[in-house]
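Here is a friendly tour of one protein chain, written for someone who likes to check geometry against coordinates. Have a look at the sequence and the model first, and then read on.

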Amino acid sequence: LSLKLEQQLVDCIDLLVGSIKTGSSLQVSWDSMTTQIKKPLKPILTDLANRVRLGDSPQAEMERLAVQVPIETFILFATTLKVHWNMGGGLATALAGIARTVRDRIEISRKLHANTVQAQFSVFIVLIVTYLIAGTVWVMNGEHLREFLESTVAAYLVSGSIILQAIGILWMRKLSQMRF
């Protein structure tokens, strides 16, 4: 969901930048942008526009947006708009920079996800191969394997390998949940 919201935010920023560069005010640009976006972002930004239109402070509404959608890119977007309302300046240039940053972030996130899935698949294959080898040994030479498994050393080795596999799976899961 956050990736979809970030992608929609980039599209919204592009619409805002285009409208502002043609000379429209921020309020007119915002209204135009909210008519063109889709759910899940549309209700959030439409509500914000309505509150500002009814007289609420734009700075307070930007702070509320940053709290309502606690994603780093939304916080950056809200902060930029809040600063613009306080200080003025070249909003189109600042928003274009934010859009570029968000696009880069989305691309890095997708690449990271692809690499993580690849690593998880590799770990899964190694685990499957381990159990396939054990099954093959069982079928080919079951008596010797049974004798081995009944020994104390085998119990420790099998228990240790299962524990190490569980630790490896948990470690891989922790590594695959990186945030940047």
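This is a predicted model: local features need pLDDT of at least 70, side-chain atom pairs count only at pLDDT 80 or more; totals for chains, interfaces and linings use all residues.

## Helices α2 and α3

Helix α2 packs against helix α3, which covers residues 42–53, at an angle of about 150 degrees, and their axes are 9 Å apart. Angles over 145 degrees count as roughly antiparallel, and α2 and α3 are therefore roughly antiparallel to each other. The crossing of α2 past α3 is left-handed.

Which residues make this contact? From α2 come Gln-27, Trp-30, Asp-31, Met-33, Thr-34 and Thr-35, while α3 brings Lys-42, Leu-45, Thr-46, Leu-48, Ala-49, Val-52 and Arg-53. Sorted by class, the contact of α2 with α3 holds six nonpolar, four polar and three charged residues.

## The loop between them

If you follow the chain from α2 to α3, you pass Pro-40, which sits in the loop between these two helices. The peptide bond that joins Lys-39 and Pro-40 is cis, with omega at about 10 degrees.

## Helices α5 and α6

Now for another helix pair. The axes of α5 and helix α6 (residues 91–140) cross at roughly 175 degrees and come within 11 Å. With the cut-off for roughly antiparallel at over 145 degrees, α5 and α6 are therefore roughly antiparallel to each other.

On the α5 side, the residues in contact are Glu-72, Thr-73, Leu-76, Phe-77, Thr-80, Leu-81 and His-84. They meet Leu-91, Ala-94, Leu-95, Ile-98, Val-102 and Arg-105 in α6. By class, this contact of α5 with α6 has eight nonpolar, three polar and two charged residues.

## An aromatic pair

How many aromatic pairs does the model have? The count comes to one aromatic pair. Its partners are Trp-30 and Phe-77, with 6.1 Å from centre to centre and 20 degrees between the planes. Planes under 30 degrees apart count as stacked, and the pair of Trp-30 and Phe-77 is stacked.

Trp-30 belongs to helix α2 (residues 26–36) and Phe-77 to helix α5 (residues 72–87), so the pair ties together parts that are 47 residues apart in sequence. Are these two residues buried or exposed? Trp-30 and Phe-77 are both buried.

## Two residues of helix α1

Helix α1 spans residues 2–21 and includes Ser-19. With a relative accessible area of 14%, Ser-19 is buried, because buried means under 20%. Neighbours within four places in sequence aside, Ser-19 is in contact with Ser-24 and Ser-29.

Ser-2 is also in helix α1. Its relative accessible area is 41%, and Ser-2 is partly exposed. Where the chain separates Ser-2 and Thr-73 by 71 residues, their C-alpha atoms are separated by 9.9 Å.

## Gln-165 in helix α8

Our last stop is helix α8 (residues 152–176), where Gln-165 lies. The relative accessible area of Gln-165 is 17%, so this residue is buried.

What does Gln-165 touch, not counting residues up to four places away in sequence? The partners are Leu-127, Thr-130 and Tyr-131. For Gln-165 and Leu-127, the C-alpha to C-alpha distance is 7.8 Å, and the two are 38 residues apart in sequence.

Definitions and conventions: Residues are numbered from 1 along each chain as its sequence is written. Side-chain values use heavy atoms; hydrogens and water are left out. Rings of Phe, Tyr and Trp (its six-membered ring) pair if their centres lie within 6.5 Å; planes under 30 degrees apart count as stacked, over 60 as edge-to-face and the rest as tilted. Helices (H or I, at least four residues) and strands (E, at least two) are DSSP runs, numbered from the N terminus. Buried means under 20% relative accessible area, exposed over 50%, partly exposed in between (1.4 Å probe, protein chains only). Axes are lines fitted to C-alpha atoms, for helices over the stretch in contact, and angles run from 0 to 180 degrees between N-to-C directions. Angles under 35 degrees count as roughly parallel, over 145 as roughly antiparallel, 65 to 115 as roughly perpendicular and the rest as oblique. A crossing is left-handed if the near helix is turned anticlockwise from the far one by less than a right angle, and right-handed if clockwise. Contact means heavy atoms within 4.5 Å. Ala, Val, Leu, Ile, Met, Phe, Trp, Tyr, Cys and Pro count as nonpolar, Asp, Glu, Lys and Arg as charged, and the others, Gly among them, as polar.
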